[in-house]
Amino acid sequence: MPTEPITFLKEQNTDEEIYAILNPVVAQWFRNKFGAFAIPQKFAILPIHSRENILVSSPTGSGKTLTAFMSILNELVDSSLKRILEDRVYCVYVSPLKALSNDILVNLLNPLKEIEDLVQKGGQGKGSLGIRVAVRTGDTSVKERSAMLKAPPHILITTPESVAILLSSEKFISHLQKVEWFIMDEAHALAENKRGVHLSLSMERLGALSPHMARVGLSATISPLEEVAKFLVGLEGGNPRQCKIVDVQFIKEMDLKVLSPVKDLIGVEHALLHHSMYVLIDKLIQEHKTTLIFTNTRSATERVVHHLKEKFPKNYAENIGAHHGSLSRELRVDLEQRLREGKLKVVVCSTSLELGIDIGFIDLVICLGSPKSVARALQRIGRSGHRLHEKTKGRIIVLDRDDLVECAVLLKDAVERKIDRIHIPKNCLDVLAQQIDGIAIEQQIHVDSLFKLIGQSYCYQNLQRKDFDDVIDYLSGKYVSLEDRHIYAKIWHDETTGFIGRKGKMGRVIYMTNIGTIPDEIAVKVKVGDQMVGTIEEAFLERLRPGDIFVLGGNVYEFKFSRGMVAQVSASANRPPTVPSWFSEMLPLSYDLSLDIGKFRKLLSEKFDAKRPPEDIIAFIHDHLYVDKNAAESIFHYFDEQYRFAKIPSHTRIVVEHFSDEHGFRHVIFHALFGRRVNDCLSRAIAFAIGRTQHKDVELGVNDNGFYARTTKKVDVMHAFRLLKSAELDKIMEMAIDKAEVLQRRFRHCAGRALMILRNYKGYQKHVGRQQVSSMILLSAVRRISQHFSILKEARREVLEDLMDIQNAKLVLEGIEKKEIKIEEIYTQLPSPFALNLVTQGRTDVMKIEDRVEFLKRMHQQILAKIGKGKTV
């Protein structure tokens with residue numbers, strides 16, 4: 001009976017078994033320094049020593065890095081002492097962060113120095129062991145690169161982009177022909193985006209050079225581990241290669257709580273809520289040595305630092321810092337160093353410290369608002385107790401009732417070890433084009449052999465031969481009309497022999513200077529005619545549809561169109577905004593977590609239907625969700641109001657709510673709790689259907705809990721909704737986004753990755769605005785060639801599968817078709833309690849925050865009056 005390729009390791013090795021394979025000097029060093037092996041090490045050191053593929057999933061600070069390197073260091077020290085150490089790369093370590101690369105360098109050089117000292121003390125040798133460790137990233141100097149060519153590092157620490165460069169470097173490639181270990185760190189951060197797709201192809205290229213190479217993956221909390229393991233090891237002969245999985249994600253004790261700064265989240269004055277939140281944050285910080293605070297946006301990060309300094313000047317001066325991607329590298333590195341040295345009491349960040357940079361001792365993590373996925377919550381909170389035996393301690397502070405319910409369910413899933421599934425992009429044709437160009441630079445290869453090599457990557461196992469051939473046609477200059485747009489053949493393709501190879505003297509330079517998957521982005525200028533009124537982020541612009549209303553600098557504007565990096569708008573004084581200003585920065589709720597919130601809603605709905613007494617329901621919430629009495633009462637009142645006013649929507653019941661507001665706008669609200677990526681898809685499909693069948697435009701508002709269509713005219717939104725069929729959603733969405741801003745922007749990103757638009761050429765850098773103008777002209781050119789041109793096809797796939805979530809949107813429509821999800825319509829004069837946040841999200845930019853809270857309070861009081869409810873508990 002054949003063995004399963006992917007297996008979970010159940011048996012740990014004993015310390016004695018591990019010490020038995022270690023060189024005596026390395027064993028002595030480990031005993032002196034650590035005494036005993038950590039749990040991940042007991043599982044993984046021996047398989048890594050035996051050159052087996054392995055994925056290790058364990059919390060931050062549980063000894064993952066040393067787990068990966070222990071066998072490798074041992075091998076190198078042993079070979080050095082036996083005088084058989086060769087001049088070649090034994091191990092390639094890849095990390096998504098340059099900062100992490102420098103961390104690892106320090107964490108390897110220190111043990112090597114300590115082992116060398118032991119060797120000298122024991123009289124086994126003098127001087128250095130001669131083991132070289134080097135970092136190769138975009139920041140590495142020419143001098144350092146030359147030194148690596150002459151004396152290659154035994155352990156090469158690098159990034160996904162630099163690996164691809166080295167694989168196409170004619171001078172360095174000979175050093176990569178006997179690599180024994182490939183380590184992918186932070187696999188959870190790589191697998192979910194195109195950098196990971198790019199790396200999956202680089203791994204196959206490296207594996208072809210070094211057929212006996214073992215692959216080691218290191219990951220924080222992630223699911224499903226079997227898929228991530230397949231992503232790590234790829235396929236051989238159409239089946240996944242062998243891989244062992246070490247799952248010790250929950251070995252650290254967790255202390256997690258959801259906190260509300262006030263007892264009543266809806267009836268409170270804004271000033272009191274704001275003040276109470278900062279008093280609570282300050283209290284938590286003062287009770288701990290070092291605190292890390294995660295916000296969900298960069299602007300919130302700066303705001304929190306500012307308010308803490310302003311409200312508590314005695315507590316915060318030089319001991320507080322902000323950390324996010326907009327800061328310069330120098331400022332970030334300085335802050336990380338001060339954190340390691342224990343000079344900071346608190347650091348506030350957006351997402352920039354989620355990955356495992358060593359930031360020293362943190363004993364508390366605070367999340368302001370929902371982290372939107374269980375995996376992200378555990379990754380963030382896992383930064384506390386950054387040592388194996390320390391408790392992980394996290395507090396999530398919520399400021400509204402939707403957040404409270406979401407975070408309470410998230411916490412339940414975390415405690416019960418239910419982790420949302422990762423989305424790994426597949427068949428990315430832009431990344432494929434870039435990598436094929438890199439392969440052709442390095443060697444002449446038959447297209448059949450190339451197709452087979454690419455199909456060994458997990459991300460391309462189902463690649464269609466036609467898509468592959470289309471990419472080859474594009475790269476080899478088959479579309480002559482593209483030469484008018486200065487896009488020339490990058491490879492030659494001899495159709496008689498089937499071979500491809502590099503074309504042109506500049507091919508190597510162009511490839512090396514334009515490699516990578518992360519697009520250039522800058523701020524977009526917003527203009528009324530020729531007058532500039534401000535700037536917005538490109539991620540915000542790509543969400544806009546003509547007619548959308550948004551706020552900038554306190555004024556309300558209507559979006560008309562964009563050219564290059566300029567958005568043209570007109571002043572719009574009398575219409576409420578449809579897109580909140582923070583929309584592009586907000587993380588989307590994961591689909592799996594949204595379903596669990598839906599299941600909780602259904603449970604409570606059944607309790608209300610059964611006429612259970614309030615105290616029973618509150619006790620159930622308290623026990624079911626691990627929340628305190630205050631939070632349980634808040635959740636009860638929220639659901640009680642919704643139940644009395646309308647119906648409680650869930651994962652099996654979409655409530656469609658019709659009402660007209662004070663301005664005469666008709667609202668059709670879909671209570672569809674499936675996360676923003678799914679709702680973005682469904683709402684655009686409905687808007688497209690309305691445009692096609694009723695020739696009218698509607699305004700859309702979208703969030704994680706649902707979406708709405710708003711119109712002044714008589715539009716039959718439900719008729720359009722009923723037209724949507726799961727089997728036709730792909731076609732509908734392709735047409736719906738065809739002229740959309742989001743497709744134009746994503747096409748530029750894809751064209752850049754596919755080397756159609758060059759960011760760097762002959763020493764000149766092409767400005768992002770020029771790239772966008774070029775891409776819009778290019779988009780027209782490729783549409784004339786074919787609507788299915790490979791890179792245009794990829795831009796559509798990226799929008800629909802990676803940015804939105806068309807697969808799960810289809811599942812929702814299938815659920816409706818099979819009658820597993822009911823649609824129930826209600827007509828109201830006021831938005832129901834569950835609709836309030838969705839309906840007011842655009843208005844929050846026009847109103848002062850205090851006015852918004854007052855507005856919500858007023859609406860809430862009207863709802864209470866309508867359902868005739870005072871306080872029931």
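Predicted model: local features only at pLDDT ≥ 70, side-chain atom pairs only at ≥ 80, totals over all residues.

Colleague: Let us turn to the fold. How many helices and strands are there in the protein?

Modeller: The protein has 32 helices and 31 strands. Its radius of gyration is 28 Å, close to the 29 Å given by the globule rule for 873 residues, so the protein is as compact as a globular protein of that length.

Colleague: And what does the C-alpha trace span along the principal axes?

Modeller: The C-alpha trace spans about 85 × 65 × 60 Å.

Colleague: What percentage of the residues count as buried?

Modeller: Of the 873 residues, 60% count as buried. The accessible surface comes to about 35,300 Å², and carbon and sulfur atoms hold 51% of that surface.

Colleague: Which share of the contacts between residues at least 6 apart in sequence joins residues at least 24 apart?

Modeller: That share is 75%.

Colleague: A change of topic: how many aromatic pairs are there?

Modeller: The count comes to 22 aromatic pairs. One of them is formed by Tyr19 and Phe30, with 6.4 Å from centre to centre and 70° between the planes, which is edge-to-face.

Colleague: Where do Tyr19 and Phe30 lie?

Modeller: Tyr19 is in helix 1, residues 15-21, and Phe30 is in helix 2, residues 24-33. The pair therefore ties together parts that are 11 residues apart in sequence.

Colleague: Are Tyr19 and Phe30 buried or exposed?

Modeller: Both Tyr19 and Phe30 are buried.

Colleague: Why is the pair of Tyr19 and Phe37 called tilted?

Modeller: Their planes stand at 55°, with the ring centres 4.9 Å apart, so the pair is tilted. An angle over 60 degrees would count as edge-to-face and one under 30 degrees as stacked. This pair also links distant parts of the chain, 18 residues apart: Tyr19 belongs to helix 1, whereas Phe37 sits in the loop between helix 2 and helix 3.

Colleague: What is the relative accessibility of Phe37?

Modeller: Phe37 has 5% relative accessibility and counts as buried. For Tyr19 the value is 11%, and Tyr19 counts as buried too.

Colleague: Finally, which residues form one aromatic cluster with Tyr19?

Modeller: Tyr19 forms one aromatic cluster together with Trp29, Phe30, Phe34 and Phe37.

Terms used: Residues numbered from 1 in each chain as written. Heavy atoms only, no water. Helix = DSSP H or I, 4+ residues; strand = E, 2+ residues; numbered from the N terminus. Rg over C-alpha atoms; globule rule 2.2 N^0.38 Å. Buried < 20%, exposed > 50% of the residue type's maximum accessible area, 1.4 Å probe, protein only. Contact = heavy atoms within 4.5 Å. Areas by Shrake-Rupley, 256 points an atom, 1.4 Å probe, with all protein chains shown as cover. Phe/Tyr/Trp six-rings, centres within 6.5 Å; stacked < 30°, edge-to-face > 60°.
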